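Notebook open, model loaded. I'm going through the fold first, then the core, then the ligand shell.

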Amino acid sequence: MAFYYAEPSRTFNEFLLLPNLTKKDCVPDNINLMTPVTKYKQGEESELRLNIPLVSSIMQAVSNDSMAVALARNGGLSFIFVSQSIEAQAEMVSKVKKFKAGFVVSDANVRPEDSLIDVVKLKEQTGHSTIAVTDDGTSHGRLLGMVTSSDYRISRADYSQKVKEFMTPFHKLVVGKEGIALSEANDLVWAHKLNCLPVIDKEQRLLHLVFRKDYELHKANPYELSDDKKRLLVGAGINTRDYTERVPALLKAGADVLCIDSSDGFTEWQSDTLSWIKNTYGEKVKVGAGNIVDKEGFLFLAEAGADFIKVGVGPGSICITREQKGIGRGQASALIEVAQARNEYFIKTGVYIPLCSDGGIVHDYQIVLALAMGADFVMMGRYFARFDESPTKKLMIGSNFVKEYWAEGSNKARNWQRYDLGGNKELEFEEGVDSYVPYAGALKENVNLTINKMKSTMCNCGAKSIPELQQKARITLVSSTSIREGGAHDVILKENNLKEI
Ligand code: RVP
């Protein structure tokens, strides 16, 4: 006979946190959001930790290299999407690892023989007014000069004039040498009143440009997440089909952590993938697995060697797995049960396995709720898809800007490996939709706002860290009428109704 759960399957929306005593030192500035990503033994520390408990989804519409750079600079981590060729994914990983805060690879370059018209066109195309002049017109060619808007005057210009005639030639440039630290580069920028400092190697080849504005930006990233060589951290998705080729390529490109991307992680394909990785590389390669929604799924992946475990089947904003297949569980119920299993496992084995709550976060406070319920970090797709840094197009619909956001199981992404049950190599039916999300601007401002709200909630809970929150949180179910009480009610909202009054 089938097993019946006594409790219904619940979502985050059905719970609230109660305030605890807030001591005077429990203020936002004292809240520590550091959290483990990979498993560790009692008394030790996780080898991989986040400075803020947010990671971006393994999705085409969310996690490319620009998202990964922006998120790592703000303390979180992206998992570069796996539904692309091994080479393309490895290239994205490598771009993140090569990113040096403040050191920009010049993407507007000309040759000395090019004309002013080429400079003007390039400026229009790239939006950059600082253009490097290299012997071959590439970003790493021999640096021969620089062109900025002060080198020519559009109103009186002869568009056929050669770049070499009006550029600032190399002998007049202040340059930095290979290996220069950002702070030293910045000293040169200030001492010589520059806006941009080119950095060159021994053969005078252009390596990077350092801009005055970027240094200031860099200083404004106190949460930046980097490795011991000061390179940003980046994760990458893998699947249970081509891991013997994909994993080596991703590791070679510099991926710091991997995660199996699947809608159902309670499978032997996942344990095979984990075994292969651990047998091949031992414990030095870190890999998360999932997704699961119960104790049995957790124990299966824990025993199979997962370094962290992802929870969630069907809560995603674009996910229709529950409608299509009748498979899934309310995200709160799933997390509560899995967190309990994780805590029991920790007591029994002395090994703490971090949990990632994946999908279904709609309001910022629900991140804190997920953490209070036992998650160590959350994965979000819709949230990050709204930002400038996501890989999708920004469009105008009616009078609003939106960004595209499509599911991995949609016809657009056709990520059949995510739903693989060992059969055909194709997506037989959709498990996700293609959609728009409201455009929200730059990641940094939005993440800052979210973090401020989260810290505020944690102060109300009297918790200065995520482990303390998990210990202390008091959580209550809410009735549908009390949900109504939680929003503005029984008043006439001005912004919507002023005209009618
Ligand atoms: P959300 O943040 O609610 O947009 O959810 C994002 C999550 O949805 C992803 O991290 C992934 O687990 C899940 N997803 C992605 N594609 C699909 C699908 O096609 N059903 N689901």
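This is a predicted model: local features need pLDDT of at least 70, side-chain atom pairs count only at pLDDT 80 or more; totals for chains, interfaces and linings use all residues.

I counted secondary structure first: the protein has 17 helices and 25 strands (DSSP runs numbered from the N terminus, helices being H or I of at least four residues and strands E of at least two). Numbering runs from 1 along each chain as its sequence is written.

Next, overall dimensions. The C-alpha trace spans about 85 × 70 × 50 Å along its principal axes.

Then I checked burial. Of the 501 residues, 43% count as buried (20 or more other C-beta atoms within 10 Å of the residue's own, with C-beta atoms placed from the backbone).

On to the cores (sets of buried Ala, Val, Leu, Ile, Met, Phe, Trp, Tyr and Cys joined through C-beta atoms within 7 Å). The largest has 101 residues, and Val 234 is among those with the most contacts inside it. Leaving aside neighbours within four places in sequence, Val 234 is in contact with residues including Ala 68, Ile 80, Val 93 and Asp 256 (contact: C-beta atoms, placed from the backbone, within 7 Å). A second, separate core of 26 residues includes Ile 180 and Val 199.

Last, the ligand. I found 23 residues around it, with Gly 316, Gly 381, Ala 407, Gly 409 and Gly 432 coming nearest (near: C-beta atom, placed from the backbone, within 6 Å). Strand 21 (377–380) and helix 13 (382–385) are the elements giving two or more residues to this shell.

Terms used:
A residue is buried if 20 or more other C-beta atoms lie within 10 Å of its own, exposed if 12 or fewer, and partly exposed in between; C-beta atoms are placed from the backbone. Two residues are in contact if their C-beta atoms, placed from the backbone, lie within 7 Å.
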